[in-house]
Amino acid sequence: MRAQYNTHAGNVRLVGGAVGLDFVNTVNSMLVAQPKEYLETYADLLTWSVHAQACTSAEAAQLHQLAAAQPAAAHACLERGWRVRASLFRLLTSAPQAEDVRCLNTELQTTPNRQQLAISADQLVWAAAQPLRLDRPLWSVVWSAADILTSAQHQQVRQCAGAGCSWLFLDTTGGRRHWCSMQDCGNRAKAQRHYQRLRATD
Ligand SMILES: [Zn+2]
């Protein structure tokens, strides 16, 4: 059976090209009043984190236990994630505003230094040599997003051209990529053009 996409945190499409952008893409869309939220609970955040390699599955198993012991702290961590996600969206798509820089700096100050590499799904990922904390998924997000914001990669960040789609991705094609994914927004735009052509020839 074909996998269902875009239904929950564990199978949301990873189109960003970097975990910092994929995290911003856990809501669809930033542009509408009632967006589809993929991260409704801390458990969703962990599910997404394993899917997007923001933490390892071994870490997520430990974090589930931490969260069970401290549910209020786990939810507060999720709320921090929502806040930094909104700030990252603005920082990545427009000129930096002081309030958003403050929000990101607050996260950076609590995020440990990258001290070692770990293997996650046959790839190397940054890790910190210190005990796990509930905000572990946010470390990967903040490391990735801060790298993009302070490097030439920032120039490659594009917002999907699909109507009402706010998803971000790194365009490595030199400006030829317009859609978060051809299967979603790309196809819809193609169908729309086809429909308009048919109407024009009526
Ligand atoms: Zn899109």
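Mentor: Let us begin with a definition: helices (H or I, at least four residues) and strands (E, at least two) are DSSP runs, numbered from the N terminus. The structure above is a predicted model. With those names, any residue can be given a place; Pro131, for example, belongs to the loop between β4 (123-127) and α6.

Trainee: Is Pro131 buried or exposed?

Mentor: A residue counts as exposed when its relative accessible area is over 50%. Pro131 has 61% relative accessibility, so it is exposed. Between Pro131 and Leu149 there are 27 Å in space, C-alpha to C-alpha, with a separation of 18 residues in sequence.

Trainee: How should I read the nonpolar core? Which of its residues touch the most other members?

Mentor: In soluble globular proteins, nonpolar side chains tend to be buried together. The largest nonpolar core of this model has 48 residues, and those touching the most other members are Leu21, Phe23, Tyr42, Trp48, Leu88 and Leu92. Two or more residues of this core come from each of α1 (19-24), α2 (42-51), α3 (57-69), α4 (71-93), α5 (98-110), α6 (136-149), β6 and α7. Helix α4 gives the largest share, eight residues.

Trainee: Which residues does Leu88 touch?

Mentor: Setting aside residues up to four places away in sequence, Leu88 touches Val24, Leu104, Val141, Ala145 and Leu149. At 1% relative accessibility, Leu78 is buried. Beyond its neighbours within four places in sequence, Leu78 is in contact with Leu39, Glu40, Thr41, Tyr42 and Leu45. Leu78 and Arg133, which are 55 residues apart in sequence, stand 13 Å apart in space, C-alpha to C-alpha.

Trainee: How many aromatic pairs are there?

Mentor: Rings of Phe, Tyr and Trp pair if their centres lie within 6.5 Å, and by this rule there are two aromatic pairs. For Trp139 and Trp143, the ring centres are 6.3 Å apart and the planes meet at 50°, so this pair is tilted. Both residues belong to helix α6, where they are four residues apart, about one turn of the helix. Trp139 is buried at 1% relative accessibility, and Trp143 is buried with a relative accessible area of 7%.

Trainee: Charges may also sit over rings. Over which ring does the charged end of Lys36 sit?

Mentor: The charged end of Lys36 sits over the ring of Tyr38, at 5.0 Å from the ring centre. Arg114 lies over the face of Trp126, 5.3 Å from the centre of that ring. Tyr38 is also one of the residues touched by Asn25, as are Val12 and Trp167, among others. Asn25 is placed in the loop between α1 and β1 (27-28), and at 1% relative accessibility it is buried.

Trainee: Finally, the backbone. Which peptide bond is cis, with omega near 10°?

Mentor: Most residues other than glycine have a negative phi, and most peptide bonds are trans. In this model, the peptide bond from Asn28 to Ser29 is cis, its omega being near 10°. Ser29 is in the loop between β1 and β2 (36-37).

Trainee: What is phi of Gln53?

Mentor: Gln53, a residue other than glycine, has a positive phi, near 60°. Its place is the loop between α2 and α3, and at 25% relative accessibility Gln53 is partly exposed.

Technical notes: Residues numbered from 1 in each chain as written. Predicted model: local features only at pLDDT ≥ 70, side-chain atom pairs only at ≥ 80, totals over all residues. Heavy atoms only, no water. Core = buried A, V, L, I, M, F, W, Y, C linked by side-chain atoms within 4.5 Å. Buried < 20%, exposed > 50% of the residue type's maximum accessible area, 1.4 Å probe, protein only. Contact = heavy atoms within 4.5 Å. Phe/Tyr/Trp six-rings, centres within 6.5 Å; stacked < 30°, edge-to-face > 60°. Lys NZ or Arg CZ within 6 Å of the ring centre and 35° of its normal.
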